Amino acid sequence: METQDCGLLVIGAGHAGSELAVAARHSGWADRIVLLGDECALPYQRPPLSKAYLCGESDANALLLRPAAAYESAGITVKLGARLAAIDRAAHEVTLADGARLRYDKLALCTGGRPRLLACEGIDAADPPPNLFYLRTLADAEGMRAAIRPGARLVVIGGGYVGLEVAASASKLGAAVTVLEAQPRVLARVAGPDLSAFYEQVHRSHGVDIVTGAAVSRIECEAGRIVAVRCVGGARLPAEVVVAGVGMVPNVEAALAAGLAEEGGISVDDLSRSADPDIVAAGDCTRQLHALYDCTIRLESVPNALEQARAAASWLGGKPKPNRSVPWFWSDQYDLKLQMAGLSQGYDRCVLRGDPASRSFCAFYLRGERLLAIDAVNRPADFMLTRRALAQPRLVQAAQLGDEAVLLKDLLTPSAAASFTGKP
Ligand SMILES: Cc1cc2nc3c(=O)[nH]c(=O)nc-3n(C[C@H](O)[C@H](O)[C@H](O)COP(=O)(O)OP(=O)(O)OC[C@H]3O[C@@H](n4cnc5c(N)ncnc54)[C@H](O)[C@@H]3O)c2cc1C
């Protein structure tokens with residue numbers, strides 16, 4: 001089989017891959033660009049899969065990140081249904097699953113991640129029952145949407161964002177939903193106890209049964225289908241549909257074999273460059289040293305995928321612009337828009353501004369007097385202001401953060417920070 005020349009070869013046609021290919025062209029990459037992905041749809045938005053799309057409020061066309069014409073006009077060749085199998089760094093070649101070989105000058109790895117499989121007694125993870133669902137792709141969401149009928153008994157395993165969003169959407173569709181979370185509270189990995197308590201209460205008020213400290217021990221099947229979920233301690237929940245939202249595994253097998261990654265992701269710098277000068281990587285498949293927080297982290301969010309893609313494109317186009325963005329994320333459940341910015345890891349104090357009972361409040365996370373992060377519920381203006389403020393290490397007078405009589409802008413603008421003389 002003949003080897004095709006690709007110029008810039010982008011693997012993974014998702015949020016990062018689509019952005020990287022288009023931004024590289026706009027940044028001055030003049031040679032050929034090929035965007036290759038193993039799904040059969042043009043790159044589409046993943047967040048609505050657990051929200052509007054699952055509720056039947058949007059269709060697949062509305063999810064597209066860009067129309068086909070946008071790739072054509074940027075001179076980008078899109079190859080769908082094609083899977084990267086191996087990378088030969090010395091030869092600057094990749095091999096696809098069908099044996100085809102492609103040559104690259106620069107390679108961009110944007111392969112995202114896949115759901116972590118549920119490992120427990122009663123099911124074969126490699127051959128799951130037809131009423132067990134995971135959620136990452138449009139095809140996953142279509143299968144789930146068909147299964148969630150009014151009155152159906154749905155058990156969601158995992159009280160993280162994806163699990164809670166599915167629970168909110170399914171309850172809107174009329175399903176009888178139970179969420180099982182092994183930790184003592186939902187969102188334990190990503191938010192503080194106040195936010196967890198708030199979301200647990202909101203879900204319960206919508207009729208969703210939230211059970212925390214509930215580790216699944218066994219799945220009971222009859223005639224190949226799940227009929228119940230058993231928890232450690234013996235509780236048995238009858239189930240017609242089970243959704244597992246137990247985390248994500250980065251797709252880095254080819255990068256690992258090529259010596260470019262560890263299990264946790266492909267390490268990149270703030271220009272999204274890997275250890276190989278001809279290979280960049282962006283999105284959920286990467287881990288980066290975050291300059292603002294001085295830690296190495298894998299971020300799973302659309303804003304991060306886009307920022308890393310743009311940084312890679314700027315470097316490929318010869319106008320390097322490092323990614324120094326503040327991490328942020330959002331989640332929509334019921335009528336609540338949650339927006340988070342910064343990284344709260346290592347906080348020693350959480351200050352609430354506003355009353356959770358009003359369904360509009362912020363939780364600020366601090367270490368000493370340094371502001372680390374915000375979770376804002378139905379408070380977009382506070383979120384925007386704080387997200388901007390977090391771009392620099394910032395000290396705040398914590399007591400005033402909780403006092404709504406003090407304007408947030410008076411606490412978080414650069415001049416306010418300058419007048420407060422603590423040490424970052
Ligand atoms: C249900 C759901 C809801 C979410 N909600 C939010 C939200 O509200 N806000 C938010 O910020 N983020 C949200 N996220 C996370 C967000 O979608 C991801 O962070 C984002 O998609 C990452 O983009 P990416 O390009 O790195 O990966 P992806 O968008 O996953 O794209 C990677 C692509 O590469 C393909 N691929 C993988 N391996 C290969 C291979 N070997 N060969 C060829 N192609 C390959 C994959 O099939 C996929 O198409 C959500 C995710 C899910 C699943």
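**Close-ups of a predicted model**

Helix 1 and helix 8 are roughly parallel to each other (angles under 35 degrees count as roughly parallel, over 145 as roughly antiparallel, 65 to 115 as roughly perpendicular and the rest as oblique). This is a predicted model, where local features need pLDDT of at least 70 and side-chain atom pairs pLDDT 80 or more, while totals for chains, interfaces and linings use all residues. Residues are numbered from 1 along each chain as its sequence is written, and side-chain values use heavy atoms, leaving out hydrogens and water.

**View 1. Helix 1 meets helix 8.** The axes of helix 1 (residues 15-27) and helix 8 (residues 302-316) come within 8 Å, crossing at roughly 30°. Contact here (heavy atoms within 4.5 Å) involves, among others, Leu20 and Ala23 of helix 1 and Leu306 and Ala309 of helix 8.

**View 2. Thr137 sits in a loop.** You'll find Thr137 between strand 10 (132-133) and helix 4 (138-147); helices (H or I, at least four residues) and strands (E, at least two) are DSSP runs, numbered from the N terminus. Thr137 has a relative accessible area of 19%, so it's buried (under 20% relative accessible area, with exposed over 50% and partly exposed in between, using a 1.4 Å probe and protein chains only). Skip its neighbours within four places in sequence, and Thr137 still touches Glu39, Tyr44, Arg46 and Leu49.

**View 3. Strand 11 is mostly covered.** Of the five residues in strand 11 (residues 153-157), four are buried. Strand 11 runs parallel to strand 12 (residues 176-181), and five bridges join them. Look for Arg153, which stands opposite Ala176 in strand 12.

Methods:
Axes fitted to C-alpha atoms, helices over the stretch in contact; angles between N-to-C directions. Pairing = 2+ DSSP bridges.
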